[in-house]
Amino acid sequence: MLRTSELDYQLPDSAVATSPASPRDSAKLMVIRRGSSHVEHLRFSDLPGLLNAGDLLVRNCTAVLPARFRGIRADTGGKVEGLYLSDEPGGNNSHRCRVLLKMRRHTPGAEIRLHNPAGEDSGLRMVLESRAGSPLGEADAVDAAIDSGWIVRIESDRDAKLAHDWLNRVGLTPLPPYILAARKKLAIDVAEAADRAAYQTVYASEPPAAAGRAEHGSVAAPTAGLHFTPAVLDRLAARGIASADVVLHVGLGTFKPVETEHVEEHPMHTEWCMVPPSAADHIARAKGAGKRVIAVGTTAARTLESFASIDTMRETNACSTRLLITPGYSWKHVDALLTNFHLPRSTLMAMVSAMLPGGATQLRDLYAQALSHGYRFYSFGDAMVVL
């Protein structure tokens, strides 16, 4: 079993990326070949030259919802911040959903006047109905100031239809708390429009907020895909490197640190994922030709590995997965992994360790090397590819 302490490391504040590289494909790229001890330090734009004709890149094409919101409490004027999690059934002239809230005195019946991205009253209000419990067990795994989940009702001053489109009207980009904290500490101010563009892959293909329904998007980005640009995609295609899209809607569980002594004892979160028939066909062709299947990010890898076989992908198409991948895991579909540098003591680090012959020890050494070479970490940070 893998001790969680083996996934721990110290990261200086200066190594947390508060914005993406510009252009995106100028990010650093650490290249690890499992048959060699040599590590290369390149740029993401060099990726096409590392792959072979017939190799297959599998991408998570989920779109990020504008899931964060702000407002004021109607009775006290106190500031409120929150995060949309999912829709809930019920509600005739209103819209019910589940949220996390950061506010004083969480009281059933309390009303919040929601602000639009410009900080103005949107004409929409949120009414607290009942506690729902944190989706992570302990809410402070995400943000120490956010209370456990609530079922709330969204209502409109003008038109009930507006309540069902509330995220499009008031939502903000759901940047991870550590990015927001780092920006605050450094007094960095970024426009919402810039964040919304930056925290979305160029190939995201689903509506960012279809009636505010969580099954149509994610509350966190599949960050390994943020490095791609149209130019890189064109060069990959010109070299005969195929791409296939799958879907995994990223939830808050991706940020939850492992708190058990051993990673395998961690209560894994559940996420919905899907492999379209066309993607299953692409994977079958690549495998049949002896080519590599390269997962773009841990979410794409988790999606593929959640299916026992390609036939299973074709038969069931979609599933809710709680798959936890740790060193010693036998990979069924994924031959190589493109990923970012992850939070310490995370299941994401455990998965990357499972791709390396030296496991967690090798990964810690690679992270130390990345720091010495000035790599930037986390969601907007640099990348590594394990071939």
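Strand β5 pairs with strand β6 (residues 95-102) in the antiparallel sense, and six bridges connect the two. The model described here is predicted. Within this pairing, S86 has R98 of β6 as its bridge partner.

Strand β5 also pairs with strand β4 (residues 68-73); these strands run antiparallel and are joined by five bridges. In this pairing, R68 lies opposite L83 of β5. The hairpin formed by β4 and β5 has five residues between the strands, and G77 adopts a positive phi near 80° there. The two pairings are set out below.

| Strand pair | Sense | Bridges | Residues facing each other |
|---|---|---|---|
| β4 and β5 | antiparallel | five bridges | R68 and L83 |
| β5 and β6 | antiparallel | six bridges | S86 and R98 |

Burial of β5 can be stated as well. Of the nine residues in this strand (residues 79-87), seven are buried, so β5 is largely enclosed by the rest of the structure.

A separate feature is a helix pair. Two packed helices are described by the angle between their axes and by the distance between those axes. Helix α10 (residues 347-354) packs with helix α11 (residues 359-372) at an angle of about 105°, and their axes are 8 Å apart. Angles of 65 to 115 degrees count as roughly perpendicular, and α10 and α11 are therefore roughly perpendicular to each other. On the α10 side, the contact is made by M349, V352 and S353, while α11 contributes G359, A360, L363 and Y367. By class, the contact of α10 with α11 comprises five nonpolar and two polar residues, with no charged residues.

Definitions and conventions: Residues are numbered from 1 along each chain as its sequence is written. This is a predicted model: local features need pLDDT of at least 70, side-chain atom pairs count only at pLDDT 80 or more; totals for chains, interfaces and linings use all residues. Side-chain values use heavy atoms; hydrogens and water are left out. Axes are lines fitted to C-alpha atoms, for helices over the stretch in contact, and angles run from 0 to 180 degrees between N-to-C directions. Helices (H or I, at least four residues) and strands (E, at least two) are DSSP runs, numbered from the N terminus. Angles under 35 degrees count as roughly parallel, over 145 as roughly antiparallel, 65 to 115 as roughly perpendicular and the rest as oblique. Contact means heavy atoms within 4.5 Å. Ala, Val, Leu, Ile, Met, Phe, Trp, Tyr, Cys and Pro count as nonpolar, Asp, Glu, Lys and Arg as charged, and the others, Gly among them, as polar. Buried means under 20% relative accessible area, exposed over 50%, partly exposed in between (1.4 Å probe, protein chains only). Two strands pair if DSSP finds at least two bridges between them.
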